[in-house]
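Biologist: Before we go into any detail, could you take me through how the features of a two-chain model are read, one kind at a time?
Modeller: Gladly; please look at the model first, and then ask.

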Amino acid sequence: MLSRVADNLYWLSRYLERAEHTARVLDLTLNLLLEQHSDEQMRARMNRVLEGLFAEDLPENSSLYDMTNALAFDQKNFASINFCLAKARENARQIREQISSEMWEHLNALYLDVTKISIDDVWQNQTTHQYFRKVKEGAQLFQGLAASTMSRNECWQFLQLGRYIERATYNAHFLDVQVAELQKSEHYPVVAKDFMSWVGLLKCFTAFEAYCKVYTADLKSDRIIEFLLLNAEFPHSIRFSVDKMEQSLNAIEEMTEVKRSAKLKRMVGKLRSDLKFSQIEEVLEAGLANFLEGIQKQNDRIHQGIYDVYISYPIDQAIAQ
Amino acid sequence: MEKDYGDITSVIYDEMYGKSDEPLAHYRAVSETISNMPHEELLQRQQAADLSFLHQGITFTVYGREEGTEKIFPYDLIPRIITGDEWNTIERGLKQRITALNHFLHDIYHEGKILNDGIVPHELVFTCKYYRREMRGVDVPKGIYISVVGTDLVRISDGSFAVLEDNLRVPSGVSYMLANRQVMKRVFPRLFGNYGVRPIENYGQQLLTTLRALAPREDREPNIVLLTPGVFNSAYFEHTFLARQMGIELVEGRDLLVHDNVVYMRTTAGLRRVDVIYRRLDDDFIDPLAFRPDSQLGVPGLFNAYRSGNVALANAIGTGIADDKALYAYVPKIIKYYLDEEPILQNIQTYLLDDDSNRKYVLENLDKLVVKAVGESGGYGMLIGPHSTREEQAKFKDLINENPRNYIAQPTLALSTAPCLIENEITSRHVDLRPYILYGDEISIVAGGLTRVALKKGSLVVNSSQGGGSKDTWVL
């Protein structure tokens, strides 16, 4: 496959995953804030959300409306849903002959439908939930169409790679920010007093129901963290995402028969085993923040590794081979 | 449906009515279907078709506006029908013309016999900005210069087809021909089914066969790619569409590199050799080392690889000389010279303006004639006499006097009209026809083409960049 195409597929998938993640977090935050009345609490939560989504701070006294506008509608904001959808579509447009027509047509229609909605439409009609749902379902449908219409070739693997590296990176960062705040609470590690916040955290990963199936609705903070970080079966856990990254990288290595990939393979293998063999007690004792930041750094290196091996490798090396 | 949809004057041939008041026999079923359909139903189908184009992203980019402004190419529901007999003439005529033009290209880049014999003047060729000195003595694969051609035909008042322009560089629009057909089959399935329309869906495969015929080395499966200028090019949709139809890689200049006169593409599995390039990039931009040094779109060293015979290009470099609008006037003589045959398809009368008496006549009659810049395409750089203002005419007069070689003039044509659904009404608009010709081991023409429509009332300009639309074209 052309290196440029791999690059486009990878970013298409990353941006779409990011849009979905942002939509889910915003939807949930607006919902949770219905029950939090003090301005202070509201502002604290807003700031946490912004930080968790790598978004820039908003001016003092910004309202929920402002936050929603910045994170969903503002095309100039790199963290916004509209920006991510535009980028996803732009990447898809450059490789539309590589993905199936169903995928392209769906993504194109999603982009056209979502970006024509304005914040005032959803704010006045109180249809923010429907709006976020459209984005989430749109992104999920895209992945579903990919699953049912694409051959399991390199294209598919690069789409998976982008999706899961994005998920692992964003989730590690988001978890880091949210848990750091919850740990500041006087009630920590007891969940009951901060019940809504812990539930909210699970829901940001669509993990509430999945958690309950494993541990019942008896919420314990260390179990929640363990579930989101180390669970091998839940698709939004960080471990699951890294497992998928490794699988895709192995598949790509096999398909391309590239010989320069040993280092990349080691990096992702190490990250995968860190997650597989870690105990939650050890992680918490040594400091969750360190652990999560370590994951983000390793993901950055893996991202660079992908570029060095498959996308922007030096020509003289390639000709020598 | 009755023939009351416009101010048809007696000189204009209508696709549905010819010159009578009754629909022609082969149009009757279409006419009945459309007149029996409730108006709302018709509009609904038109809207469904438009939406389908938008969602499929079948758009083109309009230049001179914000970057990336995409528009759908307006599609008209009512098909344009060509009978089998008419098509046979078109097909024979185009094969003859393309064969002769290919001989001509080979000749002027080698011995130049036609020039030495005084049939075509030397200066006409050497002053053309599309003449590539670099191509002299270069042998192209199988001697084929023009593998992909889209010739513009118009139907004139006697009902016969004439050639308006030869497009021998990078003709576009074939994807709209194919997309129009897909939509048509969805919108009027039974009507279409009953007509026995000849299929066009095999175009992609034929194009691939044509490109494969050019491969320089026969000992292995050639790696064929389509080279696009990129996502901001007006025909980008078409490039992606064709690459997919053929199952070949769509590459940009930055995906290719040349090493030791061999072209490679950069893939995730390392570098891979490229054998044939269907390039949708003009000569000027294809190699910054050989042609325009400021080109960001091309591949440095590509021309040397081409000259060494390590890679084939379709079309060859330097074919623009043969679709120069001034050279056009000589095509009947070119056909006669190489094939010793009379042209099957007529030319439009053309005044070359470096001839003094021609120029005098044209300058005195600017309000009746169409003036075209020889090197332009897409409907840019044109004066349509009867629709122009005094100022525009004065401007063209100066331009012509400044550089007469750069312009030609033709009589304003009575292009044929066809019924169209425009702003909820059925009314007549001028149309042309662009069939697509492929030249590989043999010449093949898919039975159909792109019928372009001048959407503005009375307008004669059908180009998409100038507000043109299109119709599905049925060959019976």
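Biologist: How many residues of domain 1 of chain A are in contact with how many residues of domain 2 of chain A?
Modeller: This is a predicted model, and in it 31 residues of domain 1 of chain A are in contact with 36 residues of domain 2 of chain A. The two parts are residues 1–150 for domain 1 and residues 152–321 for domain 2, and their centres, taken over C-alpha atoms, are separated by 20 Å.

Biologist: What area is buried between domain 1 of chain A and domain 2 of chain A, and what share of it do carbon and sulfur atoms give?
Modeller: The buried area is about 3400 Å², with 62% of it given by carbon and sulfur atoms. Charged pairs are also found there, for the rule gives four salt bridges across this domain interface. In chain A, Glu17 and Arg167 form a salt bridge, in which the closest N and O atoms of A:Glu17 and A:Arg167 are 2.8 Å apart.

Biologist: Why is the largest cavity said to lie between domain 1 and domain 2 of chain A?
Modeller: Because both domain 1 (1–150) and domain 2 (152–321) of chain A give residues to its lining, the largest cavity lies between them. Sorted by class, that lining has eight nonpolar, four polar and two charged residues.

Biologist: Which residues line the second largest cavity?
Modeller: The residues are A:Leu249, A:Asn250, A:Glu253, A:Ser261, A:Leu264, A:Lys265, A:Val268 and A:Tyr310. Two helices of chain A, α12 (238–256) and α13 (262–277), are the elements that give two or more residues to the lining of the second largest cavity. About 60 Å³ of space lies in this second largest cavity, and its lining has, by class, four nonpolar, two polar and two charged residues.

Biologist: Turning to the other chain, which domains does the domain assignment of chain B give?
Modeller: The assignment for chain B gives domain 1 as 25–216 + 311–346 + 413–475, domain 2 as 217–310 and domain 3 as 349–411. Between the centres of domain 1 of chain B and domain 3 of chain B, taken over C-alpha atoms, there are 24 Å.

Biologist: How many residues of chain B are in contact with chain A, and what area do the two chains bury between them?
Modeller: On the chain B side 26 residues are in contact with 33 residues of chain A, and the chains bury about 2600 Å² between them, 49% of it on carbon and sulfur atoms. In chain B, the residues that lose the most area to chain A are B:Arg244, B:Arg266 and B:Thr268, together 29% of what that side buries. Across this chain interface the rule finds two salt bridges, and A:Arg4 forms a salt bridge with B:Asp255, with 2.6 Å between the closest N and O atoms.

Biologist: Finally, what should I look for in the backbone angles?
Modeller: The background is that most residues other than glycine have a negative phi, and most peptide bonds are trans. In chain A, a cis peptide bond joins A:Tyr188 and A:Pro189, with omega about 5°, and A:Pro189 lies in the loop between α8 and α9 of that chain. In chain B, B:Ala314 and B:Asn315 are joined by a cis peptide bond with omega about -5°, where B:Asn315 has its place in the loop between β13 (312–314) and α12 (331–339) of chain B.

Notes:
Residues numbered from 1 in each chain as written. Chains lettered and ligands numbered in written order. Predicted model: local features only at pLDDT ≥ 70, side-chain atom pairs only at ≥ 80, totals over all residues. Heavy atoms only, no water. Domains from an automatic or database assignment. Nonpolar A, V, L, I, M, F, W, Y, C, P; charged D, E, K, R; others polar. 1 Å grid on protein atoms, 1.4 Å probe; cavity = no way out; pocket = protein on both sides within 12 Å on 5 of 7 lines; lining within 4 Å. Points joined across faces, edges and corners; volume = space filled by probe spheres on them. Helix = DSSP H or I, 4+ residues; strand = E, 2+ residues; numbered from the N terminus. Contact = heavy atoms within 4.5 Å. Buried area = accessible area lost by both parts, 1.4 Å probe. Salt bridge = Lys/Arg side-chain N within 4 Å of Asp/Glu carboxyl O.
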